[in-house]
2 protein chains.
Amino acid sequence: MSYPGGLLRLFLEPALSEGRQVTPSEAQDHYLRHVMRAKEGDAVRLFNGRDGEWRARIEAMTRRAICLRVEDRLRPQRQEPDLWLLCAPIKRTGIDFIVEKAAELGASRIKPVFTARTIVTRVNHQRLLAHAIEAAEQSERLTVPVIDPAVTLSAALQQWDPTRRLIFCDEGGGAPEIGAALRAASPQPAAILSGPEGGFTPAERELLHGKTYVLPVTLGPRILRADTAALAALALWQSICGDWYEPLR
Amino acid sequence: MSYPGGLLRLFLEPALSEGRQVTPSEAQDHYLRHVMRAKEGDAVRLFNGRDGEWRARIEAMTRRAICLRVEDRLRPQRQEPDLWLLCAPIKRTGIDFIVEKAAELGASRIKPVFTARTIVTRVNHQRLLAHAIEAAEQSERLTVPVIDPAVTLSAALQQWDPTRRLIFCDEGGGAPEIGAALRAASPQPAAILSGPEGGFTPAERELLHGKTYVLPVTLGPRILRADTAALAALALWQSICGDWYEPLR
């Protein structure tokens, strides 16, 4: 992976400002020493999701710890568009993969949901968060997507704020094409809902179609796997409603 | 995986017409017997990329062979839109993954290309074809994408038919956003070019920017991995220029 800025990027929790000293996490310490073979004096880029992106330098490197000194700010903080992904965990490529791709595609929040046909029964929250952080570091984001604990689809709908549009990838037929539907829709915070391998049950589809905030959409005449559908929908949303188009505005 | 038609789908080479007998391949024979535990009398759906989709029934099942009798045509033949994918093989998720997703997203032809920074040195053509067939079976396509032998990027460009637009996913900056670029472009056969992990070299970018048929595009402000970029570009093209929108026309 080549970094456009030419420097390794790390996500850290502490506040970042000129002159501060910060210490990388244990995993980052290992990564810097043993994967990147970093030395004293090497520069890295740091972000914490709040203070923008900063250049820092390895000031000291003892057997015990690495000390990073924050130098100057390279980019001001910016948020990702307000786009959530609700996704049923799937077997094969798995939710780790979806989280990674959703982070690259700018999702601000990822909420694993258990549906009637979801086969996977447990979600490792810490592992998902690690994937989200790594993808954020590599994708030049200045935020890390929030990873929610997994809940059932019905619990997620019970707590739903109806001002957030729920874009329902509905393979059941009859829904408008996603691009056309998004271009016709008013600007609004949004979430994309993608199902498990076996799709949604008729009862789930009925429940979803009954909600005023649900926008059912189709993704073309071919049947997409659950992970492909989630990624395609995220890309379409960013291009039509999100921040892809911004450079030209 | 649930099948909308309710029946298992298989891709076979032989001609399909009412009353014909056909024999599944060795791998399909194994799949029918040992994975699906099919029995005499069971129905399956068949397609060969030429004759549409047919219902067939297992007429006889001996230790040696399965005999399928073709019954009636369920769908007439249809082609996918004329969209190629040129993709550098990548390590991690790999080209198998890209081929599977590209088949779901309706690519008609997939051409692996070796670029200057491509790390992978060999591509297993037979394995890619097997992945393409499996994805075509599962995605309800009536065709299987053509898988070309891997060539160098420069060889691919030397043989290029300039009436085919080459959509170049250019992370180098300055290109228009893909959605805006595709909406502004005239309808034309197209190909998407996605690079390896390390991106394209300055020399490759210069070469590509010098071609009249190349349309450089960007995919938003975040850096996408090579596989994510390919999938996002395929989805955008299908929604704007391809057959996603057809149901509403």
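Me: How many salt bridges are counted between chain B and chain A?

Reply: In this predicted model, the count between chain B and chain A is 11 salt bridges.

Me: What makes the contact of B:D227 and A:K101 a salt bridge?

Reply: The side chains of B:D227 and A:K101 meet at 2.8 Å, N to O. A salt bridge requires a side-chain nitrogen of Lys or Arg within 4 Å of a carboxyl oxygen of Asp or Glu. The pair B:D227 and A:K101 is therefore called a salt bridge.

Me: Which helix of chain B gives the most to the side that touches chain A?

Reply: Helix 7 of chain B does, with eight residues. Helix 2 (94-104), helix 3 (125-139), helix 5 (178-184) and helix 7 (226-240) of chain B each supply at least two residues of that side. By class, the side of chain B that touches chain A has 20 nonpolar, 11 polar and 16 charged residues.

Me: How much area is buried between chain B and chain A?

Reply: The buried area is about 3800 Å², and carbon and sulfur atoms give 58% of it. In chain B, the residues that lose the most area to chain A are B:R222, B:I223 and B:W244, together 21% of what that side buries.

Me: Why are the two copies said to be related as by a two-fold rotation axis?

Reply: Chain B is superposed on chain A by a rotation of 180° with 0.0 Å of shift along its axis, at an RMSD of 0.0 Å. The two copies are thus related as by a two-fold rotation axis. The same surface serves both copies, since 100% of the contact residues of chain B recur in chain A.

Me: Which domains does the assignment give for chain A?

Reply: The assignment gives domain 1 (9-75) and domain 2 (83-248) of chain A. The contact takes 10 residues from domain 1 of chain A and eight residues from domain 2 of chain A. Between them, the two domains of chain A bury about 770 Å², 55% of it on carbon and sulfur atoms. A:R9, A:F11 and A:F47 supply 58% of the area that domain 1 of chain A buries against domain 2 of chain A, more than any other three residues.

Me: Why is the pair A:R45 and A:E140 called a salt bridge?

Reply: The side chains of A:R45 and A:E140 meet at 2.9 Å, N to O. The cut-off is within 4 Å, so this pair of Arg and Glu qualifies as a salt bridge. The count between domain 1 of chain A and domain 2 of chain A is three salt bridges.

Conventions. Residues numbered from 1 in each chain as written. Chains lettered and ligands numbered in written order. Predicted model: local features only at pLDDT ≥ 70, side-chain atom pairs only at ≥ 80, totals over all residues. Heavy atoms only, no water. Least-squares fit on C-alpha atoms with pLDDT ≥ 70 in both. Contact = heavy atoms within 4.5 Å. Domains from an automatic or database assignment. Buried area = accessible area lost by both parts, 1.4 Å probe. Helix = DSSP H or I, 4+ residues; strand = E, 2+ residues; numbered from the N terminus. Nonpolar A, V, L, I, M, F, W, Y, C, P; charged D, E, K, R; others polar.
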